[in-house]
Structure formats: structure tokens, C-alpha cells
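These are my notebook entries on a structure that I looked up. I record what I searched for and what I found.

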Amino acid sequence: MQEKDELTKLFKLVNMNEVAVSNDEMPIVGTQALATCVGVLIYSEKYKCALVAHVGTEWQNLLESIFELLIKNELDSAPLEYLIIPGYYYNHYEVVENLSAIFADLYPLFVPMQVSLDNGVYIKDPKLPAHQFAFDARTKKFVTNQVLFGKEYFDVQSNLKK
């Protein structure tokens, strides 16, 4: 458990309808409670930086925030890999299709990340019918099983503030 606590201190959790970018202090970024929503991961190999969005039905507004953060963090100058991660009950396929089409239209800036979704990228939350994932921008690896989520995540983060 102590090892998970240590990695969780480096983990930035993205809430519903939010977007966040990893940084040197918080190089691990991810989200939880993906039930009917989707997760979006955008990664810059050049800058070892990742952006995660927790996208619901208001995907157009969140897409604007994604592009603003990419520009603000100067991540739009090199190829970006992207991955769209479905929620456990996800049934708004137009969101995935629309996001995929937008990223495809922006090729070669955006290229699909070459990973298998069934290879530990995301896991089912043991307490909820929802998916969750965590990505370490330093190593370009998913560390979903190596960090804490839910109450345990918030406990670790609140202890850091003391």
C-alpha cells in the first residue's frame, strides 16, 4: 500500500467535464468514474507531457478547453498521440465518432496511440460500474493498477496538504 501511496502523490485526478495536463510535480494523470462518459488521453512524446479529459455529452465545450490547454502549454508544435477510452456503460457513440473524426482531420498533428485497450489501460472500478485509468507521462505507461482512486486518493492528497 505504501508504494501506491507514493505514486498517488504524483497523480493528478481529472473530474467529470474537466481537463488537466501533467507536469513535473504531477507527472501521472488520469480519471475515474467513467460510466457513460469517455476519457481522452493526449500525449506528447517530445515533451513527456500528457493531457487527460473526462468527457460527457457536452464534448464540444470540453474539446475547446483541450485545444486551449494544448496551445497554452505549447504542446501543439509536435505530433500528439491520442487515445479515447470508453466508459463502462458508454452508449453515446457519436461522441467517440466525433472526437475520432476531429483528431483524424488534424493528422499529422494527432495520431492514434498504438495500445491495446484490453491490456491494462483501464480497469473497472471495484466499487462502481465505471472505468478508471492513470497514465505516467514520464514513462509513457499506464499505471492504473499502481495508484489509488476514490476515497483513498483523496486521503493521500489531503495528507500532502498538512
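**Entry 1: helix α4.** I looked for the buried residues of α4 and found Tyr153, Val156 and Gln157. Buried here means under 20% relative accessible area, exposed means over 50%, and partly exposed lies in between (1.4 Å probe, protein chains only). The three cover an arc of only 95° around the axis, which puts them on the same side of α4; the arc is that of the directions from the helix axis to the C-beta atoms. I noted that the model is predicted: local features need pLDDT of at least 70, side-chain atom pairs count only at pLDDT 80 or more, and totals for chains, interfaces and linings use all residues. Residues are numbered from 1 along each chain as its sequence is written, and side-chain values use heavy atoms, with hydrogens and water left out.

The cover over the buried residues of α4 includes α1 (2-8) and β1 (11-14). Helices (H or I, at least four residues) and strands (E, at least two) are DSSP runs, numbered from the N terminus. Turned away from the buried side of α4 is a face with the exposed residues Lys151 and Lys161. I also checked the length of α4 (residues 150-161): its twelve residues should span 16 Å at 1.5 Å a residue, and its end C-alpha atoms are 17 Å apart, which agrees. The expected span is 1.5 Å times one less than the number of residues.

**Entry 2: helix α3.** I repeated the check on α3 (residues 93-105), where 13 residues reach 18 Å from first C-alpha to last, close to the 18 Å expected at 1.5 Å a residue. Val95, Leu99 and Phe103 are buried in α3. They lie on the same side of α3, because they cover an arc of only 55° around the axis. On the other side of α3 I found Tyr93, Glu97 and Asp105 exposed. Among the elements covering the buried residues of α3 are β4 (38-44), β5 (49-55), α2 (59-72), β6 (80-86) and β7 (110-112).

**Entry 3: the sheet.** In what order do the strands of the open sheet run? I traced five strands in the order β2-β5-β4-β6-β7, with mixed pairing. Two strands pair if DSSP finds at least two bridges between them. β2 (19-21) and β7 are the edge strands, each pairing on one side only. From one strand to the next the twist averages 25°; axes are lines fitted to C-alpha atoms, for helices over the stretch in contact, and angles run from 0 to 180 degrees between N-to-C directions.

I then followed β6. β6 pairs with β4 in the antiparallel sense over six bridges, and Tyr43 stands opposite Glu81 in β6. β6 and β7 run parallel and are joined by three bridges. Across that pairing, Leu80 stands opposite Phe110, and Tyr82 stands opposite Pro112. Six of the seven residues of β6 are buried, so β6 is largely enclosed by the rest of the structure.

α2 lies across β2, β4, β5, β6 and β7, running at about 165° to β5. α3 packs on the sheet too, touching β4, β5, β6 and β7, and its direction makes about 175° with that of β6. Contact means heavy atoms within 4.5 Å.

**Entry 4: nonpolar cores.** A nonpolar core is a set of buried Ala, Val, Leu, Ile, Met, Phe, Trp, Tyr and Cys residues joined through side-chain atoms within 4.5 Å. The largest has 23 residues, of which Ile42, Val55, Ile66, Leu70, Leu99 and Phe103 touch the most other members. β2, β4, β5, α2, β6 and α3 each give two or more residues to this core, and α2 provides the largest share, five residues. Apart from this core lies another, of 17 residues, including Tyr43, Val52, Ile85 and Phe142.

**Entry 5: backbone exceptions.** Most residues other than glycine have a negative phi, and most peptide bonds are trans. I therefore searched for departures from this. A cis peptide bond joins Tyr107 and Pro108, with omega about 15°; Pro108 is in the loop between α3 and β7. Ala33, not a glycine, has a positive phi of about 60° and sits in strand β3 (residues 28-34). Lys140, likewise not a glycine, has a positive phi of about 60° and lies in the loop between β9 (131-136) and β10 (141-142).
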